[in-house]
Amino acid sequence: MRKVCEIGRSMVEMLGVLAIIGVLSVGGIAGYSKAMRKHKLNQHAVAINTLINNAMQIKDRLDKASGDSNIHYNEIFHKLGLLPDGIKYVSQYQLRDIFNIHIYIYSHPDGFSGIEFLFEDKLNDMADVCRNIVYAAKENADNLWVLETADSDDTETSWKGFYYGSAYCNVGTRKCLSTITLAEMEDLCKCTNNKCEFFVLWK
């Protein structure tokens with residue numbers, strides 16, 4: 001008797017193929033998401049470093065206008081084209097980066113200027129974004145006065161750390177920004193309250 005050849009696949013085989021495709025798809029999506037976040041972090045690091053460098057370029061002009069409440073530095077940077085890709089102008093009092101971190105450039109009557117980075121919620125999975133800011137400050141340690149960090153809620157501010165620029169850290173027990181360790185960065189980037197603030201300041 002002639003045997004009839006089977007055509008196609010069984011339901012079990014098809015389900016097995018679909019299961020394999022599903023596992024591969026999940027792995028591919030996870031890998032893609034990880035790669036995209038890494039790319040976004042690299043863009044962010046470049047943007048923060050460029051913003052600080054641009055501030056150093058017009059440092060003298062900022063110093064001369066120190067304490068003038070009618071001058072809005074966010075707007076000045078925007079109009080002069082000093083905001084790098086990845087940092088957008090929102091208002092006179094607010095810039096935002098690609099992770100939606102609030103940024104404010106200002107000059108203080110006491111004779112220093114700076115950039116404030118405000119995380120408006122607990123850092124949680126934003127620690128790598130925080131490290132970008134600390135790394136950028138470290139790379140500019142020769143030009144900066146101090147990196148200050150604060151962990152605050154609606155009623156109280158807790159100052160977490162002060163790391164001084166190269167020209168200011170050799171006094172007493174001051175910590176040097178240029179030699180900040182990864183462990184110290186991790187500690188700075190652990191925020192438990194509603195607001196985490198990083199101040200990159202220069203004189």
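**Salt bridges and their exposure**

Lys79 is exposed, at 64% relative accessibility. Buried here means under 20% relative accessible area, exposed means over 50%, and partly exposed lies in between (1.4 Å probe, protein chains only). The model is predicted: local features need pLDDT of at least 70, side-chain atom pairs count only at pLDDT 80 or more, and totals for chains, interfaces and linings use all residues. Residues are numbered from 1 along each chain as its sequence is written, and side-chain values use heavy atoms, with hydrogens and water left out.

Three salt bridges were found in a search of the whole structure. A salt bridge places a side-chain nitrogen of Lys or Arg within 4 Å of a carboxyl oxygen of Asp or Glu. Lys79 pairs with Glu75, with 3.3 Å between the closest N and O atoms. Both residues belong to helix α3 (residues 73–79); they are four residues apart, so about one helical turn separates them. Helices are DSSP runs (H or I, at least four residues), numbered from the N terminus. Glu75 is partly exposed at 21%.

Helix α4 contributes to the other pairs. Arg37 and Asp128 form a salt bridge at 2.9 Å, N to O. Arg37 sits in helix α1 (residues 11–57) and Asp128 in helix α4 (residues 127–139), so the contact ties together parts 91 residues apart in sequence. Asp128 is buried, at 18% relative accessibility. Arg37 is partly exposed, at 28%.

Arg131 bridges to Glu186, the closest N and O atoms being 3.1 Å apart. Glu186 lies in helix α5 (residues 182–188) and Arg131 in helix α4, so this pair ties together parts 55 residues apart in sequence. Glu186 is partly exposed, at 29% relative accessibility.

How values were computed
Helices (H or I, at least four residues) and strands (E, at least two) are DSSP runs, numbered from the N terminus.
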